[in-house]
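Here are some notes to read beside the model. Please keep the structure open and follow the points in turn.

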Amino acid sequence: MSTQPIALFDSGIIRRAAFDAVSKLAPRQLVRNPVMFVTGAVALVVTLIFLRDLVVGDDDLAFTGQIAVWLWFTVIFANFAEAIAEGRGKAQADALKKTRSDTSAKVLLHPEDGRDDIFETKSASDLRAGDVVLVETGDIIPADGEVVEGIASVNESAITGESAPVIRESGGDRTAVTGGTVVLSDWIKVRVTAAPGSSFLDRMIALVEGAERQKTPNELALSILLVGMTLIFLIAVVTLWGIASYSGTVLSVTVLVALLVTLIPTTIGGLLSAIGIAGMDRLIRFNVIATSGRAVEAAGDVDTLLLDKTGTITFGNRLATDFIAAPGVDERHLIEAALFSSLADETPEGRSIVALAKSKYGVIQPADILGDVIPFSAQTRLSGIDTDGRKLRKGAVDSILTFVGLTFETAPAEFRDAVQSISQTGGTPLAVAEGAKLLGVIHLKDVVKPDIKSRFSELRAMGIRTVMVTGDNPVTAAAIASEAGVDDYIAEATPQDKLAYIKAEQAKGRLIAMCGDGTNDAPALAQADVGVAMQTGTQAAREAGNMVDLDSNPTKLIEVTEIGKQLLMTRGSLTTFSIANDVAKYFAIIPALFVATYPELGVLNIMELASPQSAILSAVIFNALVIIALIPLALKGIAYRPVGAAALLRRNLLIYGLGGLIVPFIGIKIIDLAVSGLGLA
Amino acid sequence: MTIAGWLQITLILCAVIASAWPLGLYMARVFRGEKTVLSPVLSPLERIIYIAAKVDPKKEQTWLGYTLAMLAINGLGFLLLYALMRFQHLLPLNPHGFAAVPSDLAFNTALSFVSNTNWQSYGGETTMSHLVQMAGLTVQNFLSAATGVALALAVTRAFARSGVTSLGNFWVDLTRATLYVLLPLSIIVAFAFALTGVPQTLAANTEATTLEGAKQIIALGPVASQEAIKQIGTNGGGFFNVNAAHPFENPSAWSNILSIWSMLLISTALTFTFGRLVGDMRQGLALLTVMYALLVNGVAIVYAAETSGVPSQIAAGVDPAMGNMEGKEVRFGQALTALYVVATTGLSCGAVNAMHNSLTPIGGLVPLFMIQLGEILPGGVGSGLYGIVVMAILTVFVAGLMVGRTPEYLGKKIEAREMKLAVLAILILPLAILGFTAASAMLPLALSSLANAGPRGLTEILYAYSSAAGNNGSAFAGLTANTPWYNTTLGIAMLLGRFAYVVPVMAIAGAVVQKTKVAASPGTFPTHGGMFVGLLIGVILILGGLQYFPSLALGSIVEHILMQTGKTF
């Protein structure tokens with residue numbers, strides 16, 4: 001996503017949302033949200049009563065009018081919340097659409113026999129799946145597809161925001177190309193896999209726009225609960241008219257409507273869809289595209305994360321961590337030899353030796369070393385430098401031993417012990433020699449990322465197990481697993497092993513998330529409950545997963561899980577808040593309704609609201625304003641902390657449950673002071 | 001309130017829990033078909049019943065099959081009972097020559113006994129023939145209680161099993177509930193009642209000459225045995241019109257304690273059965289804690305309200321230390337009356353040992369509210385358990401979201417379908433209670449039945465429909481309910497409260513049993529700790545009770561405030 005991060009309240013979005021909030025009053029749109037539909041319907045009723053009273057004349061005209069206005073505001077505020085959430089997506093979609101300018105494609109007429117010069121230029125929108133197109137330097141790739149021939153560097157920043165070019169080639173795991181990206185050098189032949197309108201870019205636009213948005217399963221279940229509560233209070237309010245008439249109280253429709261709207265869960269009802277859209281939006285800002293809202297919810301439920309070792313848990317390269325001198329060798333001598341022999345070595349291992357020697361042991365790099373560099377080769381399996389008559393070498397243990405004329409058995413015992421202990425802990429020993437003298441050994445290690453262990457213990461507190469997947473042998477795998485603090489590992493893993501592990505975990509009732517990029521990952525990605533495919537991966541992997549990570553960063557699985565949880569927590573907490581609000585509203589409205597019949601019920605007016613009418617009006621105004629006040633929270637999501645379920649619940653219950661009880665008492669009182677002070681009621 | 005009073009209350013409740021625990025575990029064995037102490041005697045009998053009824057005990061039913069079987073036998077029970085009453089003048093065993101029961105009363109009474117409500121619009125000793133009493137009402141006392149137990153079992157199995165469709169066999173559960181649980185218990189309790197002085201005789205009424213020389217007929221009968229199943233099965237339909245306030249139904253403090261113990265027993269025990277069957281006793285204990293926390297709170301409020309007395313009585317010279325003794329029996333005292341009042345309404349029993357209409361406004365508000373909360377504290381035999389499970393589902397739904405997972409209860413995901421059905425179930429009570437109350441509050445026809453004016457009159461109507469819809473059966477008295485309007489509408493309320501409620505609940509069970517159990521992890525919201533208990537109480541009070549607040553405000557609450565100023569109704 002090449003767009004700049006969009007501020008939470010961009011003025012352009014707000015302007016557009018304000019307009020949408022009114023246009024969403026159309027009944028056909030409103031009916032999608034039952035709570036707001038009911039609110040809108042009763043707002044209409046009160047408006048009609050106001051119009052009638054306007055003609056007929058009534059003492060309560062101003063009161064009825066104000067109630068009607070605030071009821072409409074309640075609906076408009078809810079629409080506004082939804083529109084603002086959608087607006088953020090729309091802004092991103094617009095940026096994407098710009099890259100979708102119509103391009104021309106060179107369709108090969110005879111792709112099978114290699115006559116590349118015979119092609120027909122077509123518009124990209126006329127391409128069909130199966131067409132093979134030639135894309136050369138500077139061309140825009142016209143459609144999603146698979147490289148069938150050639151190799152090229154491609155700029156995918158239109159999709160990923162990452163300007164460094166990536167290599168795309170036929171065969172292997174880097175065959176997928178995305179329409180809208182640009183070939184920077186060389187050429188490729190691409191078989192089109194997606195018809196126009198259903199390309200990856202198109203789907204992304206549709207997703208961020210929210211055009212394909214359907215209620216997710218949990219959102220649906222929550223909506224049903226809200227509808228149920230609306231019906232219960234509808235029953236309570238309608239019957240109250242009859243029950244009150246027994247006591248000689250005639251309740252006007254206006255006050256009954258006010259009671260109804262304040263009791264039904266308008267707060268969560270108004271914010272529900274905004275929360276869902278914002279959840280998807282948060283993912284998108286993390287450069288992860290979910291193909292369905294269901295996947296985001298499932299991410300919150302995940303019990304087990306399958307993480308590839310390389311790149312996620314470790315840096316992916318073996319790095320030098322220690323120097324162990326052979327007996328009778330000065331450690332400084334060893335380090336210097338290791339440094340010199342690595343100066344010309346541009347591999348990450350070589351660079352890490354230089355870095356360790358300099359930083360940890362303070363060896364100063366000579367300004368300039370002249371000599372013959374001996375490069376590494378697969379045959380000799382060693383490298384080094386000949387300088388000042390010194391023959392400095394480093395390399396695989398057996399190669400170096402041969403170089404110095406020893407065998408493993410004849411090597412010094414301490415050297416052997418060092419080599420063995422390095423191997424047993426999953427490291428790689430690298431021997432160092434000068435001439436015929438064995439100097440010692442360098443400990444190369446798959447270095448675990450420094451913060452990953454605490455990350456995993458956070459996940460464990462949340463109840464999520466981490467499983468490391470690696471191609472390493474079991475000894476190495478076990479060593480890294482214990483260092484990183486994962487709960488389990490799969491060593492010498494094949495794609496089949498992953499699939500089998502996922503199925504076994506699922507049979508135990510667990511939900512699994514994994515990420516992958518290769519075609520052979522596709523079955524496991526499809527089987528996993530949350531499968532995050534890397535954007536750099538193959539088309540098959542991207543189709544199989546239910547999320548695509550545009551940054552191709554496997555660590556993101558952890559953030560995805562957190563976003564899923566945050567989405568659900570926001571819904572739950574605002575529901576609790578909404579329900580808890582009812583208590584204060586009762587205390588505001590009930591005495592106001594019946595104080596004419598039973599002045600004694602005035603003792604329930606514990607907020608000491610100025611008059612019955614101002615009490616009712618204040619409750620309705622509070623009910624409307626609280627939606628606006630909570631929009632930022634709905635969009636940002638409530639604060640998430642990686643602690644256990646019980647601690648999370650205690651915290652959220654305290655803030656949103658207890659807060660939901662107390663806040664309206666204060667809010668309604670303040671509004672009442674304003675309403676009575678201004679003489680509105 | 002006195003320490004001695006609280007000691008009595010505490011001891012009785014401890015005794016209930018101490019005996020419910022082993023009973024619950026025994027019931028778990030019974031319904032799993034395992035051997036129990038009674039098996040040598042009862043299992044041959046059980047087999048004979050299955051052979052005679054052509055039931056294959058191994059063949060299990062889906063939720064639909066189970067529910068249809070339940071509806072069939074209860075429907076048949078209704079028709080039979082209705083016919084018995086309508087034709088009692090033509091049938092034998094009618095020594096007093098009672099006429100046919102009018103259609104509206106027969107409709108009401110038949111539904112009342114089928115739905116385990118046992119609302120009685122009539123005086124039993126002056127309306128029903130012996131045949132109706134024995135072959136009709138008593139049979140239903142057993143059948144409706146056994147039905148409740150069976151349904152609770154089916155719902156429990158939905159959470160205990162994983163990935164199957166069957167919930168058990170209704171006929172087997174019904175038979176076992178009657179044979180292994182209700183019958184043995186009622187026999188023991190009947191003997192115990194007889195020991196406390198409750199009559200158990202088939203002899204005719206006795207005629208006595210009073211000191212003034214007037215003739216008095218003293219009604220007698222097989223009271224002890226009737227009393228046993230009435231309490232054990234949370235039926236509550238008394239042998240005498242004044243129910244357990246009558247000296248022959250409830251002669252002493254001891255019989256009163258026995259009454260309270262026996263009505264709380266099975267509903268309490270079922271929470272232990274639940275815990276055992278779902279494989280985690282703590283789950284059952286959590287539900288038990290919720291039930292008893294609210295129950296004890298209710299007792300405390302009633303006890304406090306009743307002992308603090310009525311200002312106008314005190315002004316008239318009544319000893320303030322007595323509290324409000326109107327409508328209460330001196331032999332039970334304030335403490336055990338308060339416990340009885342709250343237990344009989346927290347359960348869906350409905351037996352009464354004091355006149356609820358004579359309670360203070362707040363004292364009367366509590367039993368009313370206990371009923372409105374859905375009869376789950378601890379609720380009727382079986383119905384209490386499945387009712388609180390529905391509330392637990394609603395609780396985990398909101399709580400589960402708050403911890404960032406899609407909600408699950410006992411390892412079963414709660415999704416849209418379960419929510420739809422749970423919402424359908426919890427709509428029934430407010431619809432029946434508030435709907436009929438509002439209609440009656442406006443109908444002159446209905447209002448003419450009221451004995452009291454003002455807010456108390458409104459409470460009488462509200463109480464009647466709450467009692468019917470909640471399948472409680474206790475009456476606030478003061479309302480002349482034996483009219484076509486009340487008989488019919490209360491009958492419909494009872495029908496809705498029992499069967500319209502349980503069908504969606506069984507459908508939930510049918511959906512839940514098919515789901516595979518999800519493994520629990522530290523990220524799962526635990527449903528056995530104090531937090532869940534607190535939340536469930538909150539949900540019961542808010543989702544179950546908030547909708548009644550306006551009508552309670554217009555009834556009991558305003559009356560309480562008026563009483564403080566010396567005004568009574």
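**Notes for a first look**

1. N581(A) sits in helix α21 (residues 556-594) of chain A. Helices (H or I, at least four residues) and strands (E, at least two) are DSSP runs, numbered from the N terminus. N581(A) counts as buried because its relative accessibility is 0%; buried means under 20% relative accessible area, exposed over 50%, and partly exposed in between (1.4 Å probe, protein chains only).

2. Before going on, please note that this is a predicted model, in which local features need pLDDT of at least 70 and side-chain atom pairs count only at pLDDT 80 or more, while totals for chains, interfaces and linings use all residues. Residues are numbered from 1 along each chain as its sequence is written, chains are lettered from A and ligands numbered from 1 in the order in which they are written, and side-chain values use heavy atoms, with hydrogens and water left out.

3. Which residues does N581(A) touch, not counting those up to four places away in sequence? They are F622(A), G660(A) and P664(A), where contact means heavy atoms within 4.5 Å.

4. Now for the sheet in chain A: seven strands form an open, mixed sheet in the order β8-β20-β19-β18-β9-β16-β17. At its edges stand β8 (288-290) and β17 (488-490), each with a single partner strand, so one side of each has no neighbour in the sheet. On average, neighbouring strands of this sheet are turned by 20° against each other, direction ignored. Two strands pair if DSSP finds at least two bridges between them.

5. Within chain A, strands β19 (residues 530-534) and β20 (residues 547-549) pair in the parallel sense over three bridges. A533(A) has V548(A) in β20(A) as its bridge partner. Helix α21(A) packs on the sheet, where it touches β8, β9 (304-308), β18 (512-516), β19 and β20 of chain A, and its direction makes about 160° with that of β9(A). Axes are lines fitted to C-alpha atoms, for helices over the stretch in contact, and angles run from 0 to 180 degrees between N-to-C directions.

6. Have a look at C515(A) in strand β18 of chain A. With a relative accessible area of 3%, C515(A) is buried. Leaving aside neighbours within four places in sequence, its contacts include L306(A), D308(A), V532(A) and L557(A). C515(A) and V532(A) are 17 residues apart in sequence, yet 4.5 Å apart in space, C-alpha to C-alpha.

7. Helix α17 (residues 474-484) of chain A lies across β16 (465-469) and β17, running at about 150° to β17(A). How do α16(A) and α17(A) pack? Helix α16 (residues 452-462) meets α17(A) at an angle of about 75°, with the axes 8 Å apart. The two helices are therefore roughly perpendicular, a term for angles of 65 to 115 degrees. In this contact, I452(A), K453(A) and F456(A) of α16(A) meet S482(A), E483(A) and A484(A) of α17(A).

8. Finally, in chain B, T307(B) belongs to helix α10 (residues 281-307) and is buried, with a relative accessible area of 16%. A polar atom of its side chain lies 3.2 Å from the backbone oxygen of A304(B).

Notes
Polar contact = N/O pair within 3.5 Å; in protein donor to acceptor, adjacent residues only side chain to side chain. Parallel < 35°, antiparallel > 145°, perpendicular 65-115°, else oblique.
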